[in-house]
Amino acid sequence: MPYTQAVTTSSLKRRSRGALSEGDWYLALLAIVLLGYALMGKGFAYLGYPPLYVGEIAFLAGIVVFLRIGAFAGALATLPAVLLIALMGWVLARTLPFVGWYGFDALRDSVVVIYGCFAFFVIGLLLEDARRINTVLRYYGIMLATFPAIPVGFWLTKYWADYIPRLYGPVPIVEIGASAVGTHLAGAMVFVLIGFRRVSFLWILVWFITLALVSATNRGATLAAIVPVTIAMLVLGRYRLLLTTVVAAVGIFAALLALESSFGEYEEAKDSIERPVSAHQIVENAKSIIGQSGQQTEGTKQWRLNWWDIIVSDTIYGPNFWTGRGFGVNLAAADGFAGTEERQNRPPTRSPHSVHMTLLARAGVPGAVLWVLVLVSWFGLLIRAMLTARARRQQRWLELFLFVACYAMAILINASFDVTLEGPMQGIWFWCLFGFGIGSVMVYRARHSERNGAAER
């Protein structure tokens, strides 16, 4: 059933079914931008002319469309939206004083939160026409048809990066990191689990092969792919499928371990800084998450922990409790962690590989507290809507909220261990999901408040 079939509310603006409004065109543009980020990664992000890349163009166009829609008051009708505005205001207060010192770097660092404007753009689009919920789901279903291109791009990035042409910008036209792949694995599988799109056995096989590639490369991305999918299965009551999947995966994995051990190839590669795609490497990554492993994986883990300790000492227990260091300063250079990673042909490290630590370091304890409140209130909004939908036996609404929550959770898990929300490839994705969640809940509430009002009359 279409989610907006029964939405006939005077509080939501109407439009004729035959005409495409500015909002429809902008939604299509936003879908193309998100698809480009998913399929081409950083290569797509450099499409444009500095400083107006494709993300900035979508940002400016979104401001124009949002102002023309005139849904500012409606977009602030929920607690997560109000808290997000407060967080954005605090970030701007800690950014503008440093623009004169650090220039564009200050603005670039602030987008970790300022990209939250995309959330309001999406909320405004749904408030103008609630039927766009179905449009968004249809667009995402089309994206799933192109899903096999994502692991291909990831494989090319990992092994053939030097051969990928550079048509614009300093990076290849396709550069997809494991962290982004992990989040899209989660979103795609949850979308399939709730039955929004049927896929073939070949699609499922490609999904699991891609998960294996990601698991051997990036620990955070592995958690980002597995945890939300597992939660979705539990919420949906797919216990038998979950058990079958675990047993099959363990059996195949054990066979691969035995096969690799018989050849002994992994012993030659385990001390290298490069992580080979192998079952043994997946074991090493898993051991580093739950405990101690080899130096290959433990080194980067300890590197993060040491840096995070300095940030905590500087803010929670130090002089920058209220203000943080501000946006613009290179945190790695300030804390003595610049150049501690193997980063050939890469820009200098600026982030402590955790969005939570980034906000604590740059915006102080007030910024970190606001960030936590934004996340807690948003997930609380969706969970409450899911419980309400379950009580009313409205399975499709429950599944919609579950999809959005799991997708955003995947990005947040990644952002806890990697540079994720600081860039447009995942930052714009996250904030669009954030806005889509709020807008969908508002449409859901409007639908049932009108139904109850009609029943009373």
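Predicted model: local features only at pLDDT ≥ 70, side-chain atom pairs only at ≥ 80, totals over all residues.
Residues are numbered from 1 along each chain as its sequence is written, and side-chain values use heavy atoms, with hydrogens and water left out.

**View 1. The whole chain, before zooming in.**
Of the 457 residues, 53% count as buried, where buried means under 20% relative accessible area, exposed means over 50% and partly exposed is in between (1.4 Å probe, protein chains only). Take the contacts (heavy atoms within 4.5 Å) with a separation of 6 or more: 77% of them come from residues 24 or more positions apart.

Side chains of opposite charge can pair when their charged atoms come close. The structure holds twelve salt bridges, each being a side-chain nitrogen of Lys or Arg within 4 Å of a carboxyl oxygen of Asp or Glu. In this one, glutamate 175 and lysine 42 come together at 3.9 Å, N to O. The two partners sit in distant parts of the chain, 133 residues apart: glutamate 175 is in the loop between helix H10 (149–159) and helix H11 (178–193), and lysine 42 is in helix H2 (residues 42–45). Glutamate 175 is buried at 13% relative accessible area, whereas lysine 42 is partly exposed at 25%.

**View 3**
Asp105, Arg108, Asp109, Arg350 and Arg362 are linked in a network of salt bridges. Within helix H7 (residues 104–114), arginine 108 and aspartate 105 are three residues apart, so about one helical turn separates them. Their closest N and O atoms are 3.1 Å apart. Both are partly exposed, arginine 108 with 38% relative accessible area and aspartate 105 with 26%. Aspartate 109 makes a salt bridge to arginine 350 at 2.7 Å, N to O. That link spans 241 residues, from aspartate 109 in helix H7 to arginine 350 in the loop between helix H18 (331–335) and helix H19 (355–391). Here aspartate 109 is buried at 10%, and arginine 350 is buried at 15%.

The model has 33 aromatic pairs: rings of Phe, Tyr and Trp (its six-membered ring) pair if their centres lie within 6.5 Å, and planes under 30 degrees apart count as stacked, over 60 as edge-to-face and the rest as tilted. Tryptophan 397 and tyrosine 444 have ring centres 5.0 Å apart and planes at 50 degrees, so they make a tilted pair. Tryptophan 397 lies in helix H20 (residues 395–415) and tyrosine 444 in helix H21 (residues 424–456), so the pair ties together parts 47 residues apart in sequence. Both are buried, tryptophan 397 at 1% relative accessibility and tyrosine 444 at 3%. Phenylalanine 430 and phenylalanine 434 are also a tilted pair, with centres 6.2 Å apart and planes at 45 degrees. These two phenylalanines both lie in helix H21, four residues or about one turn apart, and both are buried.

**View 2. An aromatic cluster.**
Tyr26, Phe59, Phe66, Phe72, Tyr115, Phe118 and Phe121 form one aromatic cluster.

Aspartate 24 belongs to helix H1 (residues 22–40) and is buried at 9% relative accessibility. Its side chain joins that of arginine 132 in a polar contact of 2.9 Å; such a contact is a pair of N or O atoms within 3.5 Å, where within protein one must be able to donate a hydrogen and the other to accept it, and residues adjacent in sequence count only if both atoms are side-chain atoms. Isoleucine 133 is in helix H9 (residues 132–145) and is buried, with a relative accessible area of 0%. Isoleucine 133 and glycine 439 are 306 residues apart in sequence, yet 8.7 Å apart in space, C-alpha to C-alpha.
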